[in-house]
Amino acid sequence: MASLEIQNLQISIGDKPIVKGLSLTIRSGEVHAIMGPNGTGKSTLAKAIAGHPDYTITGGDVLLDGKSVLEMETDERARAGLFLAFQYPSEIPGVTIANFLRAALQARLAEGEEIDASAYYKRLYAKMDLLKIDRKFTSRAVNDGFSGGEKKRCEILQMAMLEPKFALMDETDSGLDIDALRIVAEGVNAQRGSAISPGILLITHYQRLLDYIIPDHVHVMWDGRIVKSGDKSLALELEAKGYDWVKQEFAAASA
Amino acid sequence: MSTASPATQSQNGSFTAEVFAAHLATQAAAPAWWLERKRAAYAQFAALPMPARTNEGWRFSNIGTLSLDGVAVATPSNLKSQISDFKFKAVAELTFANNTLSSRTALPADLAAKGVIVTTLAEAAVKHADLLKAHFMAQPQKLGSEKFAALHIAFVGDGAFIYVPKGVTVTDPIVVTHLASGAGTAVFPHTLVVAEENSRATVVDYFVSADASAHFACGANDLYAGHGAQLTYVAAQNWSPTTLSFQFNSTVVRRDARVQSLNLHLGARQARHESLSQLQAPGAFSEMLALTVAMGAQEFDQRTLQIHQAPNTKSDLLYKNALRDTARTIFSGLIVVDPDAQKTDAYQSNRNLMLSDDAEANSLPGLEIQANDVRCTHGATSSRIDPEQEFYLQSRGIAKAAADELLTFGFFEEVLNRLENEPLHDALRELIKTKF
Ligand SMILES: Nc1ncnc2c1ncn2[C@@H]1O[C@H](COP(=O)(O)OP(=O)(O)OP(=O)(O)O)[C@@H](O)[C@H]1O
Ligand SMILES: [Mg+2]
């Protein structure tokens, strides 16, 4: 059983504190949904955990299986088992999906070990079929000219190929049509059901994703903190009532 | 004025009159006109000064390191082809080691029967004198290296002569490897290609050092595409990192012909490359491509000239440089449109990817347009690796160095993708990888 422990994490951009003391523990197989208004620091949290250089950790810690990741480079964190599905995936002109994923898998092998090309393509095609991604995409440049939905599917394809211990999924549902949402959710659920069984931090604005990927815990983030946690019914409540009542409750509590 | 002044000595460096006489003695089998051409070239070489800092054609170049001293004209070597790191399917191969033919594979019988010729300049000087006279270094030298081009003619030992007759298609590439070995060796590689009316061919030049010592390379290639011909030319320069290299390209494109040339620059401590394309008749198209990986303290100095001499001609230049460490690049390109070359479509672009803050890319794009109904665009950009792209790759477990390599290949792909020959494309990628 693997664990990702976020301990009283504080994150700044420049001098501006964005995440102001956030704690959360995720274990293998668990799905934690984080919801919250725009600009509350959800993406900041996910990117900082992945090691984005724009963000400064000013306090707290992030432990992967008990070991701090904060001193690790981004690529080391990824090889240790962290995966970030980006809210806005970068376009990489000239680098094909096939070469990119191959480089990512190669990076996980010991010096001198080589990827078996035919086994690699077999596995890649199987995952693409599952996510209903046309096999021709292997020779397209990463995210270059992809539609919003294609980009998000491509993120899940990468997750399926890299088999992380923990995935931070930042609004993977945005830009997906209803069918694509179901396909992506099935892709994620297939990984949950497999031996890999990653722990998942699911950032979303919409209940509808949670109909497919059923969360064990739902957290509401507000102004850089988790202000309320509950089970999946909390998401339904938010969907019905919006965030105002949370704001009021939080204001009352912190007054 | 004394002809034996020290200035004259360093002006000609190791290439003294005695050295030239000794070289001529090795050419005894050559026809008189060829020897005469060499003598005239030597006289021109000896009379011309070394480039000066004030020459516009050498702006930004490090001229202090262009020494002609301490080198000796190569003696024949029996080294065989060393293209293990640059392999793809070829239809015929010629290898020159230190200016001398060292190995060859014969053309398939059907192509030989159709009149395709893949042979040496020495043989062509005897058997195909008219073609050689018409095309060997026959175009003007306008880009600053008149002296070195004359040196090339004076000392050229042997080289490749490739002739594709009217209407003949040669599908797989014809490959010419030019090897240099031994410290201080001077080599003068040459490849001449004549593609006659409606023919098609791909020719690859590969320049490579057999050892890590410093060589002096002064090469040239002449490309001629007749009416409707389609010629693809790839040159991969992979000399040792201490070599001083000069390479002069001349491309003549006739009516409705198309030439695509791709120069890959990897080796040498200092490499000067001059490329002239002349669009001589309507419908002519020259696509000029180049990729450079500059690292350490290397200097790559590229000078280009696209001359539109007839209406409805097209040229498209895309030179991409990736710079690391303290490397320098210079790109100076000029598009010239003659007065009656209306409806010219000319494009010129130099893009630099700066992988180090200490590298230096210089760009001097230029236009000289004398017709009024033309479309000419030119531009130069320098950019760094996009940190968001780098982060994206790193977030998948790819280390920074490998991420930068992938992004550099991504940057190059726009050029490599233009090559239709897939195995050649892959071989070039593999060759580029040896520099990372
Ligand atoms: N690179 C940056 N430079 C400056 N400010 C930033 C940067 N990234 C984020 N911010 C600011 O930090 C705050 C939190 O942004 P973040 O993207 O984490 O919000 P979010 O909760 O993910 O919002 P959304 O729901 O809209 O995706 C916002 O005010 C945002 O403008
Ligand atoms: Mg966000």
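Modeller: The account below begins with the ligand and then turns to individual residues and to one helix. The model is predicted.

The shell around ligand 1 consists of 15 residues, and the closest of them are A:G39, A:K42, A:S43, A:T44 and A:H205. By class, the residues of this shell divide into 3 nonpolar, 8 polar and 4 charged. A:K42 places a polar side-chain atom 2.8 Å from an oxygen atom of ligand 1. For A:S43, an N or O atom of the side chain is 2.9 Å from an oxygen atom of ligand 1. In the case of A:T44, a polar side-chain atom lies 2.5 Å from an oxygen atom of ligand 1. Ligand 1 taken alone exposes 630 Å², of which the protein buries 64%. Helix 1 of chain A gives the most, with 3 residues.

The loop between strand 3 (31-35) and helix 1 of chain A holds A:T40. With a relative accessible area of 6%, A:T40 is buried, since the limit for a buried residue is under 20%. The side chain of A:T40 reaches the backbone oxygen of A:P37 at a distance of 2.9 Å.

Elsewhere in chain A, A:V184 is part of helix 6 (residues 178-193). A:V184 has a relative accessible area of 2% and is therefore buried. Between A:V184 and A:T172 there are 12 residues of separation in sequence and 8.6 Å in space, taken from C-alpha to C-alpha.

A:N143 is not a glycine, although its phi is positive, at about 60°. A:N143 sits in the loop between strand 8 (141-142) and helix 5 (148-162) of chain A, and its relative accessible area of 0% makes this residue buried. In chain B, B:N98 also is not a glycine and has a positive phi, of about 45°. B:N98 belongs to the loop between strand 2 (92-97) and strand 3 (100-105) of chain B, and is buried at a relative accessible area of 5%.

Helix 3 of chain B can be treated as a whole. Helix 3 (residues 32-47) of chain B has 16 residues, so at 1.5 Å a residue it should span 22 Å; its end C-alpha atoms are 23 Å apart, which agrees. The buried residues of this helix are B:W34, B:L35, B:K38, B:A41, B:Y42 and B:F45. Seen down the axis of helix 3 of chain B, these buried residues fall within an arc of 120°, and they therefore line one face of the helix. The face turned away from the buried side of helix 3 of chain B carries the exposed residues B:A32 and B:A47.

B:S67 is placed in the loop between helix 3 and strand 1 (72-73) of chain B. A relative accessibility of 33% makes B:S67 partly exposed. B:S67 and B:F411 are 344 residues apart along the chain, and their C-alpha atoms are separated by 34 Å.

Key:
Residues are numbered from 1 along each chain as its sequence is written. Chains are lettered from A and ligands numbered from 1 in the order in which they are written. This is a predicted model: local features need pLDDT of at least 70, side-chain atom pairs count only at pLDDT 80 or more; totals for chains, interfaces and linings use all residues. Side-chain values use heavy atoms; hydrogens and water are left out. Helices (H or I, at least four residues) and strands (E, at least two) are DSSP runs, numbered from the N terminus. The expected span of a helix is 1.5 Å times one less than its number of residues. Buried means under 20% relative accessible area, exposed over 50%, partly exposed in between (1.4 Å probe, protein chains only). The arc is that of the directions from the helix axis to the C-beta atoms. A residue is near a molecule or strand if one of its heavy atoms lies within 4 Å of it. A polar contact is a pair of N or O atoms within 3.5 Å; within protein, one must be able to donate a hydrogen and the other to accept it, and residues adjacent in sequence count only if both atoms are side-chain atoms. Accessible areas come from the Shrake-Rupley method with a 1.4 Å probe; for residues, only the protein chains shown count as cover. Ala, Val, Leu, Ile, Met, Phe, Trp, Tyr, Cys and Pro count as nonpolar, Asp, Glu, Lys and Arg as charged, and the others, Gly among them, as polar.
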